[in-house]
Amino acid sequence: MSIAGDISSSAPRFHLSKDVEQLLYRLLAAGLLCVALSVMTDAFLTTNNILNVLRQASLLFFLAAGLTLVILTGGLDLSVGANIGLSACLAATVIKVTGSPVLGTLAGLGAGCAVGICNGLMVAKLRIPSFIATYGMLWVLHGITYYYMAGETIHGFPPGFRQIGSGYFLGIPIPVYLMIGFLLAGTIFAQRTVWGQQIYAIGANPVAARLTGIPVDRRLILVYAFSGAMAGVASIVFLARLNSAEGDIGEAMTLPAIAAVLIGGASLFGGVGSVFGTFVGALILTLVLNGMNLLAVNASWQPLVTGVIVVFAVWLDMRGRRRT
Amino acid sequence: MSDQTLSSPAPRLPAVPGVAVALGLLAALFSVASPGFLSAGNLSNILVQSVILLLLALPMTLIIMTEGLDLSMGAVLTLASLVLALIVVSTKSLALGLAGALGVGLAFGLVNGWLVSVLSIPPFVATLGTLGAAQGLALIVSDGQSVVGIPRFVRQVYSGEVAGLPMPILIGAGFYALFHVLLYHTRFGTYVCALGGNRDALTLAGVKWRRLLVAVYMLGGAMAGVAALLMTARMNAGHPTAAIGMEFDAIAAVALGGTSFEKGKGWIFGTLLGVITVGVLRNGLNLMAVPSSVQVACIGALVIFALFLDGMRSHKS
Amino acid sequence: MRAVMERTPRLELAAPFPASGAPLLELKGISKSFPGVKALDDVSFAVWPGEVHMLLGENGAGKSSLMKILCGAYQADQGEYVHEGKRVEIRSPADARRLGIAVIFQEFSLVPHLDIAQNIFLGREFASKIPGLVDRRRLYREAKAVLDLVGLDMDPRTKVHSLGVAQQQMVEIAKALSQEARILVMDEPTAALSDRETERLFEVMRQLQAKGVAIVYISHRMAEVFALGDRITVLRDGRLVGRALPGETSPDELVRMMVGRNVDMTYPRRFATEPGAVVLEVTGMSARNGIRDIDLKVRAGEIVGLCGLVGSGRTEVARAIFGADEVTAGEVRIFGRRQTGGPDAAAVAGVGLIPESRKSEGLALIRTVGENLAVAGLPRLFPNMLFSPGRARRTAEELIARMRIATPSPNQSVAVLSGGNQQKVVIGKWLAAGTRLFIFDEPTRGIDVGAKSEIFALIDQLVAEGAAVLMISSEQAEIVHVCDRAYVMRGKRIVGELSRADLSEENIVRMGMHHE
């Protein structure tokens with residue numbers, strides 16, 4: 001806010017916009033993590049492990065990418081993990097019944113999207129605060145999925161379908177290609193379409209956005225539908241990777257997904273963040289968890305570490321806001 | 001403004017609260033659907049089983065009144081229950097065990113309160129983070145195993161009777177009375193209301209509200225510690241996933257009871273009714289042999305409905 | 001074009017008040033800065049027991065900062081406080097209260113879901129004999145006594161959220177009185193009150209005065225200033241610019257002190273000879289926000305004023321036309337086509353709203369000037385829905401040049417611009433959207449004089465190019481000098497229309513007043 005700061009930022013010297021600078025810090029953090037892990041463990045810098053990290057990051061990224069758009073509008077979707085459970089179990093059933101992976105995939109995506117639309121309607125039309133609406137939805141989905149699965153597991157899918165999750169192309173896992181695809185698509189959508197720009201505007205000031213003629217309700221529904229659909233995508237890849245579906249399949253994914261978005265620089269207050277940032281955030285989180293794994297830290301520490309990271313990321317954001 | 005006068009508005013008939021209607025309808029439904037529902041034994045059973053939920057819902061009411069939320073309560077309860085079980089098993093001292101459980105609760109309450117009040121982190125994220133932390137710690141201290149071998153005297157806390165009344169009922173009634181007094185007859189209660197309604201008013205009145213807000217979350221943690229005692233006594237064990245998600249039932253009960261997520265509007269008797277409604281719903285669905293997963297879904301739907309009504313009401317006024 | 005700035009003569013400052021005895025409270029050389037703004041600059045101010053001290057100044061003159069410093073909500077960077085001859089510190093609201101200072105803010109400091117008594121005694125609850133509890137019986141008894149004092153005949157157990165605005169105002173006053181205040185600060189207390197309630201308040205004030213309470217009274221109503229005031233202090237741009245006694249000054253002189261220029265500021269307006277086609281036609285419109293039976297018309301090339309007192313329903317009319325509040329009866333036609341739907345539909349039809357609160361409703365403060373300028377025009381600029389940053393930047397640069405927005409680049413954060421430049425950004429976003437009907441709600445609020453002229457020059461340019469303008473303003477001089485016609489509102493209805501020939505401040509005030 002200081003006058004001196006304004007002048008230097010407008011001076012004709014090489015300078016980066018604040019967003020790019022923030023991203024570079026995050027990339028630097030990811031790089032440092034890699035270096036540290038290669039020094040600390042022998043297992044880190046192996047092709048296998050790197051590919052493994054990328055594949056795990058991709059699963060997280062699908063979920064986090066959809067969530068990024070929601071958080072850009074200043075909302076939150078706590079139902080994404082439970083949504084994976086429902087979509088995966090539905091897709092698994094359809095594949096088993098019809099024998100068609102295509103129909104199964106469509107069913108999974110459709111279910112995820114439908115849940116997202118419900119969330120969007122609750123937030124936009126019923127005006128229920130998003131964190132509480134999607135929290136209620138979480139338990140509704142949880143209940144439905146557990147009831148439907150009744151503790152059973154559905155497993156054994158056609159090899160072709162399993163390729164989506166565990167196959168390789170040119171030595172690189174298929175999910176990594178999907179991740180790159182969604183990264184490009186998501187970035188183009190957020191940065192290079194009118195809808196994307198309007199989503200940023202809604203998050204920056206929803207009241208002003210409405211009074212600027214942006215159809216806020218429709219955009220909100222769209223965003224939650226996207227988030228749901230991305231949960232559907234994650235469920236399909238997850239299903240293909242695990243080759244089995246259980247009711248609790250995505251339960252532990254919500255917190256990491258939120259963490260990835262927040263590490264990626266998005267603000268819970270809306271209007272700030274990017275899909276690419278979330279990609280970097282997903283990488284950082286996966287590297288941390290992978291490193292803990294390689295260092296033989298008990299897996300029980302993972303939710304704790306993730307929780308601390310979430311709080312820390314929000315605190316960083318708050319601190320940055322107070323300064324400006 | 002000219003149509004406004006300074007005289008009192010005509011006394012309105014007290015509207016029947018939605019939660020009472022829901023409770024009545026559910027009770028009627030279940031007494032028709034399953035004959036065992038209306039038996040004295042079952043009704044007392046409902047009350048006894050609702051006590052743990054009540055212990056969480058009471059402080060949750062205060063937290064929600066401050067426009068906050070505590071998603072970590074179920075996980076903190078689980079962790080406290082494990083710590084209590086471990087201490088009691090090794091020292092055979094209930095007092096030490098309870099102190100441990102309360103310590104865990106207060107510590108998490110302090111962290112939650114600090115994050116929300118001092119760092120101004122939105123409550124749902126702050127407590128989502130501590131939820132992860134508590135869940136992780138629960139797995140770590142228990143190594144993923146149940147803690148068994150609880151001495152018999154611990155069980156008495158849940159199954160014992162005093163003057164013919166079950167212990168849990170007495171404990172529940174005691175804490176209900178305590179919270180009623182706290183909310184309606186102390187400065188603290190007035191300030192809790194103002195924390196959600198108008199923090200500037202508190203600042204102007206010279207009240208240091210940040211400390212109060214920390215205290216509200218610490219109260220929530222402490223009550224999770226108390227609930228952990230009942231939970232451990234009831235299950236006769238400490239279980240690493242015992243109360244996961246229980247905060248949702250608590251939030252549901254509070255929301256059903258008419259406490260609003262905005263403007264510091266709270267009603268402690270409504271929370272009691274909300275707790276009983278959730279208890280009746282769970283019990284009735286149990287009697288009808290509906291699996292617990294569907295019960296969860298029903299409660300989820302009920303909460304969304306309650307919030308929708310809440311929104312409608314506030315839109316009208 | 002810029003109004004002539006007059007240096008305030010040093011004389012006025014030097015003229016001392018004929019004070020009887022020592023002042024109750026004296027502030028000396030108070031300064032307070034916020035990032036980028038000097039809110040108060042070396043202001044000295046004193047109140048004597050039993051007087052009503054009028055504090056005047058335009059928006060942003062520093063009145064509210066001074067009040068907040070008085071009540072301890074802000075701390076001064078420099079300056080000292082002298083209370084009954086002794087130097088004191090006011091570091092917190094508690095300090096202020098100890099000195100007997102009570103403030104009635106315009107934004108209420110009430111808690112909606114507490115009852116009247118709890119609100120009155122918030123932070124000062126009576127301890128009961130049982131430790132830790134509040135003596136509720138005493139609470140309600142004392143509350144009732146205070147309510148009787150202000151003449152509010154209500155049960156002190158009534159929850160504040162069920163009260164009307166006027167009743168809440170009276171509770172605020174009761175709250176301040178209950179503190180046994182020796183210095184009572186009131187910020188436009190009559191803005192929301194009816195005549196009867198206002199009289200009641202004045203009566204209470206006279207009682208307090210007789211008891212030796214000093215009252216600092218902020219008002220925009222000249223009648224009140226002269227009817228109630230014992231002394232007058234005028235602030236402008238954070239500085240003390242004048243002191244006066246009501247018997248020795250005139251409204252014109254006070255206004256001149258407040259605005260720092262001659263009242264006859266020139267407004268850039270080239271009146272057209274004949275208006276164009278009807279752009280906006282509202283017939284029999286009622287809306288959920290309370291307005292009733294609104295009929296109005298705006299033609300191309302015309303600036304139509306919408307005036308009346310604050311709370312008369314002007315903003316509500318603007319919001320209903322724009323689709324932001326639901327219309328329940330009647331119709332809105334834009335270019336002859338009936339308008340339904342929300343603000344998005346209105347924007348497509350060519351309507352743009354420049355809302356009163358720029359920062360909360362007009363701009364996304366965390367975004368850049370360029371992003372704010374492009375946001376309304378997105379669908380028009382990028383009909384194939386693909387956004388091009390280069391094109392958006394060029395559009396923004398064109399607008400910045402055309403409207404002379406003072407910003408180093410479109411990448412500058414909009415939050416750091418001055419009020420006038422921010423207002424230009426809000427107008428500019430509608431220019432990018434190709435808007436044909438501009439609805440201005442208090443377009444010059446919080447904008448300095450030079451920028452005001454620029455804004456009006458811009459509005460004049462818009463209508464010269466064939467746009468239609470509906471303008472809400474509380475500054476009647478603006479309406480009189482700028483508008484072709486004006487509608488006057490009172491009590492959520494339009495009560496009259498004034499043609500260019502009849503447009504005068506007297507006529508507006510006469511039509512807009514409560515009585516007659």
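How many helices and strands make up the secondary structure of chain A? There are 14 helices and 4 strands. The model is predicted.

**Chain A**

The radius of gyration of chain A is 20 Å, close to the 20 Å that the globule rule gives for 324 residues, so chain A is as compact as a globular protein of that length. Its C-alpha trace spans about 65 × 55 × 35 Å along the principal axes. Of the 324 residues in chain A, 56% are buried. Take the contacts in chain A between residues at least 6 apart in sequence: 79% of them join residues at least 24 apart.

**Chain C against chain A**

Here 30 residues of chain C are in contact with 24 residues of chain A. On the chain C side, the elements giving two or more residues are helices H11 (343-348), H12 (358-362) and H14 (378-381) of chain C. H11(C) gives the most, with 4 residues.

**A helix pair in chain B**

Helix H4 (residues 94-118) of chain B packs with helix H10 (residues 209-235) of chain B at an angle of about 150°. Their axes are 7 Å apart. Angles over 145 degrees count as roughly antiparallel, so H4(B) is roughly antiparallel to H10(B). The crossing of H4(B) and H10(B) is right-handed.

**Residue classes**

The table gives the make-up by class for the two contacts.

| H4(B) with H10(B) | 20 residues | 8 residues | 1 residue |

Conventions:
Residues are numbered from 1 along each chain as its sequence is written. Chains are lettered from A and ligands numbered from 1 in the order in which they are written. This is a predicted model: local features need pLDDT of at least 70, side-chain atom pairs count only at pLDDT 80 or more; totals for chains, interfaces and linings use all residues. Two residues are in contact if their C-beta atoms, placed from the backbone, lie within 7 Å. The radius of gyration is taken over C-alpha atoms; the globule rule is 2.2 Å times the number of residues to the power 0.38. A residue is buried if 20 or more other C-beta atoms lie within 10 Å of its own, exposed if 12 or fewer, and partly exposed in between; C-beta atoms are placed from the backbone. Axes are lines fitted to C-alpha atoms, for helices over the stretch in contact, and angles run from 0 to 180 degrees between N-to-C directions. Angles under 35 degrees count as roughly parallel, over 145 as roughly antiparallel, 65 to 115 as roughly perpendicular and the rest as oblique. A crossing is left-handed if the near helix is turned anticlockwise from the far one by less than a right angle, and right-handed if clockwise. Ala, Val, Leu, Ile, Met, Phe, Trp, Tyr, Cys and Pro count as nonpolar, Asp, Glu, Lys and Arg as charged, and the others, Gly among them, as polar.
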